[in-house]
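Work through the exercises below with the sequence and the coordinates open. Each task is followed by a solution in steps.

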Amino acid sequence: MKPVKLRTKVFRSTVVILFAIFLTMFVSNKYGYYEYKKQEQVTLTAEQIKQFEEDVKNGKNIDLENYLEKTNKNYQTKFSQLGLNLSNSIADTIEKGVNKFFGYISKFVVES
């Protein structure tokens, strides 16, 4: 058996990943997921327009924020927050270590 080259493995992996992405997009398009999401947005917009027109007709105070959908969602969980805190503390520790190391090395390089 001949050993498989690294380039061949990388190429095969890339082709498999691209095929999986294509298949996912094809299936979602075939079953109308994208159109459904767009139709949902249009329906929400139509409802917001109706509400706006009704408020204008009734003479209510108009504020743009009342008619826009809130899109600032926080998807962070306790587990992801823990991961972020751990990552930040590791990064800080490594940064301090690298700064100390190069500070120590600079003592030998810099002429006094």
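This is a predicted model: local features need pLDDT of at least 70, side-chain atom pairs count only at pLDDT 80 or more; totals for chains, interfaces and linings use all residues.

**Exercise 1. Overall layout**

Determine how many helices and strands the protein has, and what share of its residues is buried.

Solution. 
1. The protein has three helices and zero strands.
2. Along the sequence this gives the pattern α-α-α.
3. Of the 112 residues in the protein, 2% are buried.
4. The accessible surface is about 11,200 Å², and carbon and sulfur atoms account for 63% of that surface.

**Exercise 2. The span of helix 1**

Solution. 
1. Just after helix 1, Gly32 has a positive phi of about 75°.

**Exercise 3. Aromatic pairs**

Classify the pairs Phe101–Phe102 and Tyr104–Phe108 by ring geometry.

Solution. 
1. Two rings pair if their centres lie within 6.5 Å, and planes over 60 degrees apart count as edge-to-face.
2. The ring centres of Phe101 and Phe102 are 5.3 Å apart and the planes stand at 70°, so this pair is edge-to-face.
3. Tyr104 and Phe108 have a centre-to-centre distance of 5.3 Å and an angle of 85° between the planes, again edge-to-face.
4. Tyr104 and Phe108 are four residues apart in helix 3 (residues 78-109), which means a separation of about one helical turn.
5. An α-helix has 3.6 residues a turn, so residues three or four places apart point the same way.

**Exercise 4. A nonpolar surface patch**

Which residues form the nonpolar patch on the surface, and what is their accessible area together?

Solution. 
1. The patch consists of Leu86, Ile90, Ile94, Val98, Phe101, Phe102, Tyr104, Ile105, Phe108, Val109 and Val110.
2. Together these residues have about 1,100 Å² of accessible area.
3. Exposed means over 50% relative accessible area, and partly exposed lies between that and 20%.
4. Leu86, which lies in helix 3, is exposed at 51%.
5. Phe102 is exposed at 51%, and Phe108 is exposed at 62%.
6. Phe101, at 47%, is partly exposed.

**Exercise 5. The salt bridge**

Is Asp55 in its salt bridge with Lys60 buried or exposed?

Solution. 
1. The structure holds one salt bridge.
2. Lys60 and Asp55 form a salt bridge, and their closest N and O atoms are 3.7 Å apart.
3. The cut-off for such a contact is within 4 Å.
4. Asp55 has 7% relative accessibility and is therefore buried.
5. Lys60, at 47% relative accessibility, is partly exposed.

Notes
Residues are numbered from 1 along each chain as its sequence is written. Side-chain values use heavy atoms; hydrogens and water are left out. Rings of Phe, Tyr and Trp (its six-membered ring) pair if their centres lie within 6.5 Å; planes under 30 degrees apart count as stacked, over 60 as edge-to-face and the rest as tilted. Buried means under 20% relative accessible area, exposed over 50%, partly exposed in between (1.4 Å probe, protein chains only). Helices (H or I, at least four residues) and strands (E, at least two) are DSSP runs, numbered from the N terminus. Patches are made of residues with over 30% relative accessible area and no salt bridge: like charges are joined within 9 Å, nonpolar side chains (Val, Leu, Ile, Met, Phe, Trp, Tyr) within 5 Å. Accessible areas come from the Shrake-Rupley method with a 1.4 Å probe; for residues, only the protein chains shown count as cover. A salt bridge is a side-chain nitrogen of Lys or Arg within 4 Å of a carboxyl oxygen of Asp or Glu.
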